[in-house]
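Colleague: Hi! Could you walk me through this model, starting with the charged side chains?

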Amino acid sequence: MLKKFFVLVLALIPAIAVSSTQSKAFGQVGSGRLNIAISGGKITLSLSAPGSEIMDQLGAEQDSQTRVAIAVSRLSDPMKLFRMADSARCFATSANVTLPGKRFGVISDKGEERDQVKNSEFHADYEIRCQNMDALREIEFRYFDRFPSAKTLAVKITEAEGISTQQVTRTTPMLNVARAR
């Protein structure tokens with residue numbers, strides 16, 4: 001029985017190593033990730049952001065449930081996070097923000113619950129429609145203004161022309177999305 005366990009563990013090591021390598025290639029540890037799919041007049045965004053980047057500036061005097069509610073509220077309006085040219089006439093059609101697998105209760109003397117939230121990851125899915133995609137040349141990331149602890153987002157853009165990846169940072173918060181449309 002013990003021998004089967006070791007064989008299973010040895011079989012899983014390559015899978016764990018590949019998974020670790022793939023995640024580091026797309027976003028360094030501690031940075032957020034954003035997948036953007038552009039098709040027709042629709043932009044779909046899927047954000048994964050470390051709890052520490054989202055929660056750090058939300059006031060330590062608040063309990064975890066309140067801080068999470070504030071964070072979810074700040075993440076729930078994609079048009080305040082990602083600014084697009086007014087002439088593109090874009091508007092949000094859906095927003096869904098989650099903090100998967102977390103339950104809240106009394107914070108222990110050691111602050112364990114706060115650490116649990118800060119060590120977790122927020123997920124947000126957005127759909128944005130634009131009436132004039134030809135006017136959409138870039139996206140300004142106001143995300144960094146709303147979350148001062150956030151420093152970088154690894155962005156993967158999928159369009160009919162192909163897939164590209166870029167880093168958007170606090171110091172360079174603009175993403176060029178102009179393509180031959």
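Modeller: Happy to. A salt bridge here is a side-chain nitrogen of Lys or Arg within 4 Å of a carboxyl oxygen of Asp or Glu. By that rule the count comes to 5 salt bridges. This is a predicted model, so local features need pLDDT of at least 70 and side-chain atom pairs count only at pLDDT 80 or more, while totals for chains, interfaces and linings use all residues. Residues are numbered from 1 along each chain as its sequence is written, and side-chain values use heavy atoms, with hydrogens and water left out.

Colleague: Thanks! Which residue does Arg 33 meet in a salt bridge?

Modeller: Glu 121, with 3.1 Å from N to O. The pair links distant parts of the chain, as Arg 33 lies in strand E1 (residues 32-39) and Glu 121 in strand E5 (residues 121-130), 88 residues apart. Helices (H or I, at least four residues) and strands (E, at least two) are DSSP runs, numbered from the N terminus.

Colleague: And how does Arg 33 count by relative accessibility?

Modeller: Arg 33 counts as partly exposed, at 24%, and Glu 121 is partly exposed at 24% too. For the terms, buried means under 20% relative accessible area, exposed over 50%, and partly exposed in between (1.4 Å probe, protein chains only).

Colleague: What about Asp 86, which residue is its salt-bridge partner?

Modeller: Arg 83, and the closest N and O atoms are 3.6 Å apart. Asp 86 is exposed, with a relative accessible area of 63%, whereas Arg 83 is partly exposed at 27%.

Colleague: Which residues are linked in a network of salt bridges?

Modeller: Lys 42, Glu 127 and Arg 129. There is also a salt bridge between Arg 142 and Glu 140, at 3.8 Å from N to O. Arg 142 is partly exposed at 32%, and so is Glu 140 at 26%.

Colleague: Nice. What is the strand order in the open sheet with E6?

Modeller: The order is E3-E6-E9, an open sheet of 3 strands with antiparallel pairing. Strand E3 (82-84) and strand E9 (174-176) stand at the edges with a single partner strand each, so one side of each has no neighbour in the sheet. Two strands pair if DSSP finds at least two bridges between them.

Colleague: How many bridges are there between E3 and E6?

Modeller: 3 bridges, with E6 covering residues 138-141, and Met 84 stands opposite Ile 139. Another 3 bridges join E6 to E9, where Ile 139 stands opposite Leu 175.

Colleague: Switching to helices: which residues are buried in H3?

Modeller: Ser 64, Arg 67, Val 68, Ala 71 and Leu 75. They cover an arc of only 100° around the axis, which puts them on the same side of H3. That arc is taken from the directions from the helix axis to the C-beta atoms.

Colleague: And how far apart are the end C-alpha atoms of H3?

Modeller: They are 16 Å apart, which agrees with the 16 Å that the 12 residues of H3 (residues 64-75) should span. The expected span is 1.5 Å times one less than the number of residues.
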